[in-house]
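Dear colleague,

Please find the structure below, handed over for your records.

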Amino acid sequence: MSLFQCTDCGGVDNTALCHYWQRQHERLPALCSACDPAIRAWHGHFPQKSAVGYWVDAGGHLWQRPEQAPVTYTIVGQVTATDTASVLVARWKAHRGHPQGEDVDDAL
Ligand SMILES: [Zn+2]
């Protein structure tokens with residue numbers, strides 16, 4: 001199952017339990033089922049919780065522990081109260097584009 005961080009509430013949701021892929025296709029922000037205006041209800045398959053403490057891969061998906069991610073996935077950081085998954089991915093992409101830039105490890 002793929003987890004992501006809601007860009008509205010900052011919580012964790014599963015891509016299969018909301019309109020994540022449809023919204024990605026339409027280039028809309030990733031929203032959990034509770035924040036998605038087309039749903040406006042939590043699905044109830046697991047409790048709503050913050051994404052703080054989850055690890056983020058380069059695709060923006062969340063992992064409870066970095067070793068859970070397949071070896072082909074690059075962990076780019078850990079969600080904190082101030083850094084969201086999208087910020088971590090954007091920082092990682094900027095770093096890759098600028099080899100002389102800030103070391104990604106400094107972001108952890
Ligand atoms: Zn949300």
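Buried residues make up 24% of the 108 residues in the chain; a residue counts as buried if 20 or more other C-beta atoms lie within 10 Å of its own, as exposed if 12 or fewer do, and as partly exposed in between, with C-beta atoms placed from the backbone. This is a predicted model, in which local features need pLDDT of at least 70 and side-chain atom pairs count only at pLDDT 80 or more, while totals for chains, interfaces and linings use all residues. Residues are numbered from 1 along each chain as its sequence is written.

Overall architecture

The chain holds 2 helices and 5 strands, which follow one another from the N terminus as β-β-α-β-β-β-α. Helices (H or I, at least four residues) and strands (E, at least two) are DSSP runs, numbered from the N terminus. Among contacts with a separation of 6 or more, 41% join residues 24 or more positions apart; a contact requires C-beta atoms, placed from the backbone, within 7 Å.

The sheet

The 5 strands form an open sheet with antiparallel pairing, in the order E2-E1-E4-E3-E5. Strand E2 (12-14) and strand E5 (75-78) stand at the edges, and each has a single partner strand, so one side of each is left without a neighbour in the sheet. From one strand to the next, the twist averages 45°. Two strands are taken to pair if DSSP finds at least two bridges between them. Strand E3 (residues 55-57) pairs with E5 in the antiparallel sense over 3 bridges, and Asp-57 has Ile-75 in E5 as its bridge partner. Helix H2 (residues 85-97) packs on this sheet and touches strand E1 (3-5), E3, strand E4 (61-63) and E5. The direction of H2 makes about 135° with that of E5; axes are lines fitted to C-alpha atoms, for helices over the stretch in contact, and angles run from 0 to 180 degrees between N-to-C directions.

The nonpolar core

A nonpolar core is a set of buried Ala, Val, Leu, Ile, Met, Phe, Trp, Tyr and Cys residues joined through C-beta atoms within 7 Å. The largest one has 18 residues, of which Phe-4, Ala-51, Tyr-54, Val-56, Leu-62 and Ala-85 touch the most other members. E1, E3 and H2 each supply at least two residues of this core. Leaving aside residues up to four places away in sequence, Tyr-54 touches Val-12, Leu-62, Trp-63, Gln-64 and Val-79.

The loops around helix H1

His-19 is found in the loop between E2 and H1 and is partly exposed, with 19 other C-beta atoms within 10 Å. Not counting residues up to four places away in sequence, His-19 touches Asp-36, Ala-38 and Ile-39. One of these, Ala-38, is found in the loop between helix H1 (20-25) and E3. Ala-38 is exposed, with 10 other C-beta atoms within 10 Å, and its C-alpha atom is separated by 9.6 Å from that of Cys-18, 20 residues apart along the chain.

Which backbone angles deserve a look? Most residues other than glycine have a negative phi. Arg-27, however, has a positive phi near 55°, and Arg-40 has a positive phi of about 55°. Arg-27 lies in the loop between H1 and E3, where Arg-40 is also found. Arg-27 is exposed, with 6 other C-beta atoms within 10 Å, and Arg-40 counts as exposed with 9 C-beta neighbours inside 10 Å.

Yours sincerely

Technical notes: Contact = placed C-beta atoms within 7 Å.
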